[in-house]
Amino acid sequence: IWILDRGKVLSRNNDGQASRMIGIHLDVTKEKQLLIELQQLQSYLSSIINSMPSIIISVDPDLNITRWNLKAEELTGKKENEVINKPLIKILPYIEEYVPYIHESISTNKIKSKMKQFIKHDKNVTYEDIIIYPLTAQGIDGAVIRIDDVTDKVNIEEMMIQSEKMV
């Protein structure tokens with residue numbers, strides 16, 4: 001069991017020698033077990049989010065970043081602890097054009113998506129599917145943004161169209 005020990009007072013006898021100690025002892029086993037379970041759940045959730053092949057970013061209603069997965073770190077080179085509570089637009093400037101969709105998703109509680117978006121990252125050109133999920137659970141408002149690189153898929157589709165034209 002886990003014990004919380006508080007308020008120790010040393011009691012002395014008439015000769016001035018310590019005779020007993022008085023204090024408060026609380027059994028905090030249940031609280032400790034709940035804390036351990038919460039830590040395990042947080043670790044499990046992080047593992048799920050970080051194992052996704054998509055970029056996963058969650059934001060609050062003011063569009064400050066609240067969660068950032070490993071794929072987002074790969075794209076930007078910025079660790080989660082560097083971007084938490086920072087404005088999404090400062091970290092991913094190209095997302096600014098999608099801000100109205102994020103706000104709309106949050107306010108209407110509906111999923112918004114923009115498929116096959118042409119995106120230029122420095123010298124690289126990609127196509128991305130951007131899907132915005134409203135996040136409204138027990139007083140936690142915001143959105144989860146999932147970004148998937150679909151460049152290969154778009155290129156294959158274009159090759160198929162060209163092949164059909166040739167035939």
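Reply: Accessible areas here come from the Shrake-Rupley method with a 1.4 Å probe, and for residues only the protein chains shown count as cover. On that basis the chain has an accessible surface of about 11900 Å², with 54% belonging to carbon and sulfur atoms. This is a predicted model: local features need pLDDT of at least 70, side-chain atom pairs count only at pLDDT 80 or more, and totals for chains, interfaces and linings use all residues. Residues are numbered from 1 along each chain as its sequence is written, and side-chain values use heavy atoms, leaving out hydrogens and water.

The chain holds 6 helices and 7 strands (DSSP runs numbered from the N terminus: helices are H or I, at least four residues; strands are E, at least two). In sequence order the pattern reads β-β-α-β-β-α-α-α-α-β-β-β-α. The chain is more spread out than a compact globule, because its radius of gyration is 26 Å, well over the 15 Å that the globule rule gives for 167 residues (taken over C-alpha atoms; the rule is 2.2 Å times the number of residues to the power 0.38). The C-alpha trace spans about 105 × 30 × 25 Å along its principal axes. Of the 167 residues, 28% are buried (under 20% relative accessible area; exposed is over 50%, partly exposed in between; 1.4 Å probe, protein chains only).

Now the core. The largest nonpolar core has 23 residues (buried Ala, Val, Leu, Ile, Met, Phe, Trp, Tyr and Cys joined through side-chain atoms within 4.5 Å). I57, V59, L88 and I102 touch the most other members. At least two core residues come from each of β3, β4, α4 (88–91), α5 (99–108), β6 (124–137) and β7 (140–149). Take I57. Leaving aside residues up to four places away in sequence, I57 touches I65, R67, W68, A72, L88, L92, A143, V144 and I145 (contact means heavy atoms within 4.5 Å).

Next, the loop between β3 (55–59) and β4 (65–68), where N64 sits. N64 is buried, at 18% relative accessible area. Beyond four places in sequence, N64 touches S58, V59, N85, K86 and P87. V59 is one of the core residues that touch the most other members.

N85 lies in another loop, between α3 (80–83) and α4. N85 counts as exposed, at 59% relative accessibility. Its phi is positive, about 70 degrees, although N85 is not a glycine. K116, in strand β5 (residues 112–121), also has a positive phi, near 50 degrees. K116 counts as partly exposed, at 40%.
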